[in-house]
Amino acid sequence: MTSDVGNALFSELLMADQLVRNRLSKVLPKGMELSHFGVLNLLARLQTERTPAELARAFHVTRGAMTNTLTKLEWAGYVHIRPDWDDARRKLVSISPSGKAARDAALAAISPLIDDIAQSLGDARVRQTIPVLREIRLRLEGE
């Protein structure tokens, strides 16, 4: 019985993930990919510089994949990449004002969908769901 519940849970999570990614991809600023939005969103939330290696770990991708993403973001003017003055081997990444504006525009575009879903489910049910989803994420990250 438990495996049926687990399978149903993960089937719903995977489908919801696909639908959210599809909807978000449609409203992102021209040339911005979902991976770009993820990096900008994290940097905006943290409000501090991160190394490319730290970002790669946070997104569970290779350093090469993160370097590719950061190169595109820098080219678009969405991030600033500078040398780490304390360790010349490292670089530090921060979100630029235009990167924050692009992230905010993407969030504004997707907010009506998110708000509609949250309102139709009700704040109480959404609040109850968040800890469960967080626990799933933390367990998966720990593996």
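Me: In this predicted model, in which helix is the place of Asn41, and does Asn41 count as buried or exposed?
Reply: Asn41 lies in helix H2, and because its relative accessibility is 15%, below the 20% limit for a buried residue, Asn41 counts as buried.

Me: With which residues is Asn41 in contact, once its neighbours within four places in sequence are left aside?
Reply: Asn41 is then in contact with Arg103 and Leu107, and with Arg103 there is also a polar contact, side chain to side chain, at 2.8 Å.

Me: How should I describe the way two helices pack?
Reply: Two packed helices are described by the angle between their axes and by the distance between those axes. Here, helix H2 (residues 34-46) and helix H5 (residues 97-121) pack at an angle of about 110°, with their axes 9 Å apart, and the two helices are therefore roughly perpendicular to each other.

Me: Which residues of H2 and H5 meet?
Reply: On the H2 side they are Phe37, Leu40, Asn41, Ala44 and Arg45, and on the H5 side Gly99, Arg103, Ala106 and Leu107. Sorted by class, the contact of H2 with H5 has 5 nonpolar, 2 polar and 2 charged residues.

Me: What about helix H1 and helix H6: at roughly what angle do their axes cross?
Reply: The axes of helix H1 (residues 2-27) and helix H6 (residues 123-142) cross at roughly 95° and come within 13 Å, which means that H1 is roughly perpendicular to H6. Leu9, Phe10 and Leu13 from H1 meet Leu133, Ile136 and Leu140 from H6, and by class this contact has 6 nonpolar, no polar and no charged residues.

Me: How do I read a nonpolar core?
Reply: The general idea is that, in soluble globular proteins, nonpolar side chains tend to be buried together. In this model the largest nonpolar core has 21 residues, of which Met32, Val39, Leu40, Leu43, Leu55, Leu70 and Leu73 touch the most other members. Two or more residues each come from H2, helix H3 (52-59), helix H4 (63-75), strand E2 (87-95) and H5, and H2 gives the most, with 6 residues.

Me: Where is the place of Val93, and is Val93 buried or exposed?
Reply: Val93 is in strand E2, and because its relative accessible area is 0%, Val93 is buried. With neighbours within four places in sequence left aside, its contacts are Leu43, Thr48, Glu49, Arg50, Pro52, Leu55, Leu70, Val79, His80 and Ile81.

Me: How many helices and strands does the protein chain have, and what spans does the C-alpha trace have along its principal axes?
Reply: The chain has 6 helices and 2 strands, and from the N terminus on its elements run α-α-α-α-β-β-α-α. The C-alpha trace spans about 55 × 35 × 25 Å, and buried residues make up 24% of the 143 residues. Among contacts with a separation of 6 or more, 51% are between residues 24 or more positions apart.

Terms used
Residues are numbered from 1 along each chain as its sequence is written. This is a predicted model: local features need pLDDT of at least 70, side-chain atom pairs count only at pLDDT 80 or more; totals for chains, interfaces and linings use all residues. Side-chain values use heavy atoms; hydrogens and water are left out. Axes are lines fitted to C-alpha atoms, for helices over the stretch in contact, and angles run from 0 to 180 degrees between N-to-C directions. Helices (H or I, at least four residues) and strands (E, at least two) are DSSP runs, numbered from the N terminus. Angles under 35 degrees count as roughly parallel, over 145 as roughly antiparallel, 65 to 115 as roughly perpendicular and the rest as oblique. Contact means heavy atoms within 4.5 Å. Ala, Val, Leu, Ile, Met, Phe, Trp, Tyr, Cys and Pro count as nonpolar, Asp, Glu, Lys and Arg as charged, and the others, Gly among them, as polar. Buried means under 20% relative accessible area, exposed over 50%, partly exposed in between (1.4 Å probe, protein chains only). A polar contact is a pair of N or O atoms within 3.5 Å; within protein, one must be able to donate a hydrogen and the other to accept it, and residues adjacent in sequence count only if both atoms are side-chain atoms. A nonpolar core is a set of buried Ala, Val, Leu, Ile, Met, Phe, Trp, Tyr and Cys residues joined through side-chain atoms within 4.5 Å.
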